[in-house]
Amino acid sequence: MDIRVGLIGLGEVAQLMHLPLLADDRRYRIEAVMDVAPSLVEHIGERYGVPRRYLNAEDLLADANLDAVFILTPDHIHGRLLAQAMDADKHVFIEKPVCLTADELTPLLPRAEAYRKTIFVGYMRRFSRPFLELKKRMPSVDSVLHARVRDIICEGPFFIRQTHNVFYPKDVPQTIIDEGRVETERLLRSVMGTEASREQLRAYQVLTGLSSHSFSAMRELLGAPKGVHAARQHRGEAISVLFDYGRFTAVYEALIHNVARFDAGIDIMTDRQQYRVNYDTPYIRNLPSRLEIIDSTDTETRTETFGPSYEDPFRIELDAFHDCVANGAAAKTTLKDSVADLELFAKVGKAFVR
(Lines give C-alpha, C1' and ligand atoms only; values in the text may rest on other atoms or scores of the structure.)
Protein backbone atom coordinates (compact mmCIF):
# COMPACT_ATOMS: atom_id res chain seq x y z
CA MET A 1 0.00 0.00 0.00
CA ASP A 2 1.32 3.43 -0.98
CA ILE A 3 0.69 6.07 1.67
CA ARG A 4 0.17 9.62 0.39
CA VAL A 5 1.65 11.98 2.96
CA GLY A 6 1.74 15.68 3.70
CA LEU A 7 4.33 17.30 5.95
CA ILE A 8 3.47 20.21 8.24
CA GLY A 9 6.67 21.96 9.26
CA LEU A 10 9.83 21.80 7.14
CA GLY A 11 12.61 22.69 9.58
CA GLU A 12 15.77 20.81 10.54
CA VAL A 13 14.16 17.54 11.60
CA ALA A 14 12.03 17.40 8.47
CA GLN A 15 14.98 18.19 6.19
CA LEU A 16 17.55 15.95 7.87
CA MET A 17 15.45 12.89 8.66
CA HIS A 18 11.87 12.70 7.48
CA LEU A 19 12.02 14.07 3.94
CA PRO A 20 15.04 12.00 2.78
CA LEU A 21 13.67 8.80 4.31
CA LEU A 22 10.18 9.30 2.90
CA ALA A 23 11.59 10.14 -0.53
CA ASP A 24 13.69 6.94 -0.51
CA ASP A 25 10.81 4.70 0.60
CA ARG A 26 8.61 3.45 -2.23
CA ARG A 27 5.75 2.81 0.18
CA TYR A 28 5.35 6.56 0.72
CA ARG A 29 4.56 9.43 -1.66
CA ILE A 30 5.22 13.01 -0.58
CA GLU A 31 2.17 14.73 -2.03
CA ALA A 32 2.06 17.98 -0.07
CA VAL A 33 4.20 20.18 2.17
CA MET A 34 3.42 23.17 4.36
CA ASP A 35 5.41 25.79 6.26
CA VAL A 36 4.86 29.41 7.26
CA ALA A 37 7.99 30.47 5.32
CA PRO A 38 7.20 30.79 1.58
CA SER A 39 10.84 30.40 0.52
CA LEU A 40 11.16 27.16 2.48
CA VAL A 41 7.98 25.72 0.96
CA GLU A 42 9.26 26.48 -2.53
CA HIS A 43 12.75 25.13 -1.79
CA ILE A 44 11.46 21.81 -0.47
CA GLY A 45 8.76 21.60 -3.11
CA GLU A 46 11.30 21.95 -5.89
CA ARG A 47 13.90 19.69 -4.30
CA TYR A 48 11.47 16.80 -3.80
CA GLY A 49 9.09 17.47 -6.67
CA VAL A 50 6.12 17.96 -4.38
CA PRO A 51 2.97 18.76 -6.37
CA ARG A 52 1.00 20.68 -3.72
CA ARG A 53 2.52 23.37 -1.52
CA TYR A 54 0.75 25.23 1.28
CA LEU A 55 1.41 28.13 3.64
CA ASN A 56 -1.47 27.22 5.94
CA ALA A 57 -1.86 23.96 7.89
CA GLU A 58 -5.63 24.01 7.57
CA ASP A 59 -5.34 24.00 3.78
CA LEU A 60 -3.04 20.98 3.81
CA LEU A 61 -5.30 19.12 6.24
CA ALA A 62 -8.25 19.80 3.92
CA ASP A 63 -6.42 18.07 1.06
CA ALA A 64 -8.58 15.04 0.28
CA ASN A 65 -5.73 13.34 -1.58
CA LEU A 66 -3.67 12.77 1.58
CA ASP A 67 -3.83 9.61 3.65
CA ALA A 68 -1.49 10.75 6.44
CA VAL A 69 0.12 13.88 7.82
CA PHE A 70 3.45 14.33 9.57
CA ILE A 71 3.34 17.05 12.24
CA LEU A 72 6.91 18.36 12.51
CA THR A 73 6.31 21.91 13.74
CA PRO A 74 7.50 23.71 16.89
CA ASP A 75 6.12 22.00 20.00
CA HIS A 76 3.75 24.73 21.18
CA ILE A 77 1.32 24.17 18.28
CA HIS A 78 1.38 20.36 18.26
CA GLY A 79 -1.80 20.01 20.29
CA ARG A 80 -3.86 22.28 18.04
CA LEU A 81 -2.60 20.63 14.86
CA LEU A 82 -3.21 17.15 16.24
CA ALA A 83 -6.84 18.02 17.00
CA GLN A 84 -7.25 19.48 13.51
CA ALA A 85 -5.69 16.40 11.91
CA MET A 86 -8.19 14.23 13.76
CA ASP A 87 -11.00 16.51 12.57
CA ALA A 88 -9.70 15.93 9.03
CA ASP A 89 -9.72 12.13 9.55
CA LYS A 90 -6.04 11.65 8.69
CA HIS A 91 -3.52 9.12 9.90
CA VAL A 92 -1.09 11.10 12.05
CA PHE A 93 2.63 10.86 12.69
CA ILE A 94 3.57 13.49 15.27
CA GLU A 95 7.07 14.18 16.50
CA LYS A 96 7.74 14.11 20.22
CA PRO A 97 6.84 15.80 22.43
CA VAL A 98 3.19 15.56 21.45
CA CYS A 99 2.59 18.65 23.59
CA LEU A 100 4.45 20.66 26.19
CA THR A 101 1.92 19.98 28.97
CA ALA A 102 -0.39 17.16 30.00
CA ASP A 103 -3.28 19.64 30.16
CA GLU A 104 -3.06 20.13 26.39
CA LEU A 105 -3.12 16.42 25.66
CA THR A 106 -5.48 14.92 28.24
CA PRO A 107 -8.69 16.32 26.63
CA LEU A 108 -7.73 14.59 23.37
CA LEU A 109 -7.41 11.11 24.90
CA PRO A 110 -11.11 10.12 24.73
CA ARG A 111 -11.17 11.12 21.05
CA ALA A 112 -7.98 9.20 20.41
CA GLU A 113 -9.39 6.04 22.01
CA ALA A 114 -12.32 6.11 19.60
CA TYR A 115 -10.29 7.32 16.61
CA ARG A 116 -10.28 4.71 13.85
CA LYS A 117 -7.03 5.82 12.28
CA THR A 118 -3.43 5.75 13.48
CA ILE A 119 -1.90 8.33 15.80
CA PHE A 120 1.80 7.55 16.08
CA VAL A 121 4.29 9.48 18.23
CA GLY A 122 7.86 9.74 16.94
CA TYR A 123 10.04 8.33 19.72
CA MET A 124 12.64 7.05 17.27
CA ARG A 125 15.13 5.71 19.87
CA ARG A 126 12.57 3.13 20.95
CA PHE A 127 12.75 1.66 17.44
CA SER A 128 16.52 1.20 17.21
CA ARG A 129 17.61 -2.41 16.77
CA PRO A 130 19.77 -2.52 19.94
CA PHE A 131 16.90 -1.13 22.03
CA LEU A 132 14.47 -3.70 20.61
CA GLU A 133 17.01 -6.43 21.35
CA LEU A 134 17.46 -5.14 24.89
CA LYS A 135 13.71 -5.29 25.40
CA LYS A 136 13.71 -8.95 24.32
CA ARG A 137 16.51 -9.79 26.73
CA MET A 138 15.44 -7.65 29.67
CA PRO A 139 15.79 -9.32 33.05
CA SER A 140 12.93 -9.31 35.52
CA VAL A 141 12.49 -5.83 36.96
CA ASP A 142 12.59 -7.45 40.41
CA SER A 143 16.21 -8.44 39.74
CA VAL A 144 17.36 -4.92 38.79
CA LEU A 145 19.73 -3.29 41.30
CA HIS A 146 20.42 -0.03 39.52
CA ALA A 147 19.71 1.81 36.27
CA ARG A 148 21.52 4.71 34.68
CA VAL A 149 20.05 6.74 31.82
CA ARG A 150 22.00 9.54 30.20
CA ASP A 151 22.02 12.23 27.54
CA ILE A 152 25.43 13.95 27.53
CA ILE A 153 25.41 15.72 24.19
CA CYS A 154 26.64 18.44 21.92
CA GLU A 155 23.77 20.13 20.10
CA GLY A 156 23.09 19.47 16.43
CA PRO A 157 24.62 22.56 14.76
CA PHE A 158 28.19 21.28 15.28
CA PHE A 159 27.38 18.14 13.29
CA ILE A 160 25.02 19.76 10.80
CA ARG A 161 27.56 22.34 9.66
CA GLN A 162 29.97 19.57 8.65
CA THR A 163 27.56 17.09 7.08
CA HIS A 164 24.39 18.70 5.69
CA ASN A 165 23.05 21.66 3.75
CA VAL A 166 19.97 22.77 5.67
CA PHE A 167 17.84 25.55 4.21
CA TYR A 168 17.12 28.19 6.87
CA PRO A 169 14.47 30.65 5.62
CA LYS A 170 14.59 34.34 6.36
CA ASP A 171 10.94 35.04 5.62
CA VAL A 172 9.14 33.58 8.62
CA PRO A 173 6.66 36.32 9.61
CA GLN A 174 7.86 38.08 12.77
CA THR A 175 4.36 38.00 14.24
CA ILE A 176 4.42 34.19 14.12
CA ILE A 177 7.82 34.11 15.85
CA ASP A 178 6.64 36.51 18.56
CA GLU A 179 3.36 34.65 19.11
CA GLY A 180 5.25 31.38 19.38
CA ARG A 181 7.55 32.71 22.08
CA VAL A 182 4.63 34.06 24.09
CA GLU A 183 2.63 30.84 23.80
CA THR A 184 5.61 28.66 24.65
CA GLU A 185 6.31 30.64 27.81
CA ARG A 186 2.64 30.50 28.79
CA LEU A 187 2.61 26.72 28.47
CA LEU A 188 5.89 26.28 30.35
CA ARG A 189 4.73 28.50 33.20
CA SER A 190 1.40 26.66 33.40
CA VAL A 191 3.49 23.72 34.67
CA MET A 192 6.41 25.43 36.38
CA GLY A 193 4.60 28.37 37.93
CA THR A 194 4.82 32.13 37.51
CA GLU A 195 7.86 32.40 39.82
CA ALA A 196 10.02 29.93 37.90
CA SER A 197 13.31 31.36 36.66
CA ARG A 198 14.43 31.36 33.03
CA GLU A 199 16.87 28.58 33.82
CA GLN A 200 14.12 26.45 35.35
CA LEU A 201 11.88 27.02 32.35
CA ARG A 202 14.73 26.04 30.04
CA ALA A 203 15.36 22.88 32.07
CA TYR A 204 11.71 21.87 31.71
CA GLN A 205 11.95 22.48 27.97
CA VAL A 206 15.05 20.24 27.83
CA LEU A 207 12.98 17.52 29.53
CA THR A 208 10.24 17.77 26.92
CA GLY A 209 12.73 17.69 24.06
CA LEU A 210 15.96 15.80 24.68
CA SER A 211 14.91 13.88 27.79
CA SER A 212 11.61 12.66 26.36
CA HIS A 213 13.52 9.99 24.41
CA SER A 214 15.11 8.64 27.57
CA PHE A 215 12.13 8.90 29.91
CA SER A 216 9.96 7.12 27.36
CA ALA A 217 12.52 4.35 26.79
CA MET A 218 13.06 3.97 30.55
CA ARG A 219 9.33 3.49 31.08
CA GLU A 220 9.09 0.91 28.29
CA LEU A 221 11.85 -1.17 29.86
CA LEU A 222 11.24 -0.66 33.58
CA GLY A 223 7.69 0.65 33.86
CA ALA A 224 6.74 3.94 35.45
CA PRO A 225 8.73 5.02 38.52
CA LYS A 226 6.96 5.34 41.84
CA GLY A 227 8.15 8.90 42.18
CA VAL A 228 11.01 11.37 42.01
CA HIS A 229 13.49 11.20 44.92
CA ALA A 230 15.26 14.39 43.86
CA ALA A 231 15.91 16.57 40.82
CA ARG A 232 18.33 19.40 40.22
CA GLN A 233 19.17 21.64 37.28
CA HIS A 234 21.99 24.07 36.67
CA ARG A 235 21.92 26.80 34.05
CA GLY A 236 18.94 25.11 32.40
CA GLU A 237 20.97 22.54 30.50
CA ALA A 238 22.53 20.35 33.21
CA ILE A 239 19.97 18.04 34.82
CA SER A 240 20.21 15.26 37.42
CA VAL A 241 17.22 13.17 38.55
CA LEU A 242 16.82 10.23 40.96
CA PHE A 243 13.77 8.11 40.11
CA ASP A 244 12.27 5.90 42.82
CA TYR A 245 11.55 2.37 41.61
CA GLY A 246 11.04 0.95 45.08
CA ARG A 247 13.71 -1.77 45.04
CA PHE A 248 16.23 0.33 43.13
CA THR A 249 16.99 3.86 41.94
CA ALA A 250 17.24 4.95 38.32
CA VAL A 251 19.65 7.83 37.81
CA TYR A 252 19.08 10.22 34.91
CA GLU A 253 21.66 12.77 33.83
CA ALA A 254 21.54 15.24 30.98
CA LEU A 255 24.05 17.82 29.88
CA ILE A 256 24.08 20.01 26.79
CA HIS A 257 27.57 21.38 26.28
CA ASN A 258 30.12 22.03 23.54
CA VAL A 259 32.27 18.92 23.67
CA ALA A 260 31.68 17.35 20.26
CA ARG A 261 30.33 13.97 21.22
CA PHE A 262 26.99 12.33 21.85
CA ASP A 263 26.95 10.02 24.87
CA ALA A 264 23.39 8.79 25.23
CA GLY A 265 22.24 5.43 26.45
CA ILE A 266 20.79 3.15 29.09
CA ASP A 267 22.58 0.88 31.59
CA ILE A 268 20.68 -1.72 33.60
CA MET A 269 22.48 -3.69 36.30
CA THR A 270 21.53 -6.89 38.09
CA ASP A 271 23.72 -8.91 40.44
CA ARG A 272 25.36 -10.84 37.59
CA GLN A 273 24.62 -8.85 34.42
CA GLN A 274 25.06 -5.40 32.99
CA TYR A 275 23.02 -4.40 29.93
CA ARG A 276 24.15 -1.32 28.01
CA VAL A 277 22.59 0.24 24.90
CA ASN A 278 24.16 3.31 23.33
CA TYR A 279 22.97 5.97 20.88
CA ASP A 280 24.98 8.36 18.73
CA THR A 281 23.89 11.71 17.32
CA PRO A 282 20.88 11.47 14.99
CA TYR A 283 22.21 14.43 13.02
CA ILE A 284 24.57 12.13 11.14
CA ARG A 285 22.63 9.36 9.50
CA ASN A 286 23.42 5.66 10.00
CA LEU A 287 25.96 5.95 12.79
CA PRO A 288 26.26 2.62 14.62
CA SER A 289 24.55 1.67 17.85
CA ARG A 290 25.15 -1.40 20.01
CA LEU A 291 23.81 -3.48 22.85
CA GLU A 292 26.47 -4.91 25.14
CA ILE A 293 25.69 -7.54 27.76
CA ILE A 294 28.29 -8.46 30.40
CA ASP A 295 27.54 -11.69 32.26
CA SER A 296 29.68 -12.80 35.22
CA THR A 297 29.96 -15.97 37.26
CA ASP A 298 32.23 -16.60 40.24
CA THR A 299 35.08 -17.58 37.94
CA GLU A 300 34.64 -15.89 34.57
CA THR A 301 33.07 -13.03 32.65
CA ARG A 302 31.57 -13.12 29.19
CA THR A 303 30.68 -10.09 27.04
CA GLU A 304 28.15 -10.40 24.25
CA THR A 305 27.65 -7.60 21.72
CA PHE A 306 24.62 -7.11 19.50
CA GLY A 307 25.65 -4.90 16.61
CA PRO A 308 26.97 -2.56 15.52
CA SER A 309 23.69 -1.78 13.84
CA TYR A 310 23.80 0.93 11.17
CA GLU A 311 20.09 0.88 10.46
CA ASP A 312 18.51 4.30 10.92
CA PRO A 313 15.90 4.15 13.73
CA PHE A 314 13.89 6.80 11.87
CA ARG A 315 13.56 4.30 9.02
CA ILE A 316 12.52 1.47 11.36
CA GLU A 317 9.96 3.89 12.78
CA LEU A 318 8.57 4.35 9.26
CA ASP A 319 8.23 0.56 8.98
CA ALA A 320 6.14 0.57 12.15
CA PHE A 321 4.00 3.50 11.00
CA HIS A 322 3.36 1.81 7.63
CA ASP A 323 2.31 -1.38 9.42
CA CYS A 324 -0.18 0.61 11.48
CA VAL A 325 -1.69 2.42 8.49
CA ALA A 326 -1.64 -0.43 5.97
CA ASN A 327 -2.34 -3.40 8.23
CA GLY A 328 -4.10 -1.96 11.25
CA ALA A 329 -1.26 -2.78 13.66
CA ALA A 330 -1.40 -1.07 17.04
CA ALA A 331 1.10 1.73 17.63
CA LYS A 332 3.24 1.33 20.74
CA THR A 333 4.03 5.05 20.95
CA THR A 334 0.55 6.41 21.59
CA LEU A 335 -0.96 9.57 23.05
CA LYS A 336 -1.74 7.74 26.29
CA ASP A 337 1.89 6.67 26.45
CA SER A 338 2.98 10.29 25.94
CA VAL A 339 0.79 11.56 28.78
CA ALA A 340 2.86 9.43 31.16
CA ASP A 341 5.97 11.30 29.99
CA LEU A 342 4.33 14.70 30.39
CA GLU A 343 3.21 13.85 33.92
CA LEU A 344 6.76 12.75 34.73
CA PHE A 345 8.22 15.95 33.26
CA ALA A 346 5.92 17.95 35.52
CA LYS A 347 7.03 16.05 38.62
CA VAL A 348 10.69 16.59 37.79
CA GLY A 349 10.13 20.21 36.78
CA LYS A 350 8.35 21.04 40.02
CA ALA A 351 11.25 19.48 41.93
CA PHE A 352 13.53 22.05 40.27
CA VAL A 353 11.66 24.93 41.90
CA ARG A 354 11.24 23.49 45.38
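## Helix α1

The buried residues of helix α1 are Ala14, Gln15, Leu16, Met17, His18, Leu19, Pro20, Leu21 and Leu22. Buried means under 20% relative accessible area, exposed means over 50%, and partly exposed lies in between (1.4 Å probe, protein chains only). Helices (H or I, at least four residues) and strands (E, at least two) are DSSP runs, numbered from the N terminus.

This is a predicted model, in which local features need pLDDT of at least 70, side-chain atom pairs count only at pLDDT 80 or more, and totals for chains, interfaces and linings use all residues. Residues are numbered from 1 along each chain as its sequence is written, and side-chain values use heavy atoms, with hydrogens and water left out.

Helix α1 covers residues 12-24, and at 1.5 Å a residue its 13 residues should span 18 Å. The end C-alpha atoms are 18 Å apart, which agrees. The expected span is 1.5 Å times one less than the number of residues. At His18 the helix has a kink of about 35°, shortly before the proline Pro20. The bend at a residue is the angle between axes fitted to the seven residues ending there and the seven starting there.

## Salt bridges

The count comes to 36 salt bridges, each defined as a side-chain nitrogen of Lys or Arg within 4 Å of a carboxyl oxygen of Asp or Glu. One of them joins Arg148 and Glu253, whose closest N and O atoms are 2.5 Å apart. Arg148 lies in strand β7 (residues 146-154) and Glu253 in strand β10 (residues 249-257), so this pair ties together parts that are 105 residues apart in sequence. Arg148 is partly exposed at 27% relative accessibility, and Glu253 is partly exposed at 25%.

Glu31 pairs with Arg29, with 3.2 Å between the closest N and O atoms. Glu31 counts as buried because its relative accessibility is 13%, whereas Arg29 is partly exposed at 37%. A further salt bridge links Arg315 and Asp319 at 2.9 Å, N to O. Both residues lie in helix α11 (residues 313-327), 4 residues apart, about one turn of the helix. Arg315 is partly exposed at 27% relative accessibility, and so is Asp319 at 23%. Salt bridges with shared partners also join Arg126, Lys135, Arg219, Glu220, Lys332, Asp337 and Asp341 into one network.

## Aromatic contacts

The structure holds 11 aromatic pairs. Rings of Phe, Tyr and Trp (its six-membered ring) pair if their centres lie within 6.5 Å; planes under 30 degrees apart count as stacked, over 60 as edge-to-face and the rest as tilted. Phe70 and Phe321 form an edge-to-face pair, 5.5 Å centre to centre with 80° between the planes. Phe70 lies in strand β4 (residues 68-71) and Phe321 in helix α11, so the pair ties together parts that are 251 residues apart in sequence. Both Phe70 and Phe321 are buried.

Phe215 lies in helix α10 (residues 198-222) and Phe243 in strand β9 (residues 238-244), so parts 28 residues apart in sequence are tied together by the pair. Phe215 and Phe243 are both buried. One aromatic cluster consists of Phe70, Phe93, Phe120, Phe127 and Phe321.

## Charges over rings

The charged end of Lys332 sits over the ring of Phe127, 4.9 Å from its centre. That of Arg125 sits over the ring of Tyr279, 5.1 Å from its centre. The criterion is NZ of Lys or CZ of Arg within 6 Å of the ring centre and within 35 degrees of the ring normal.
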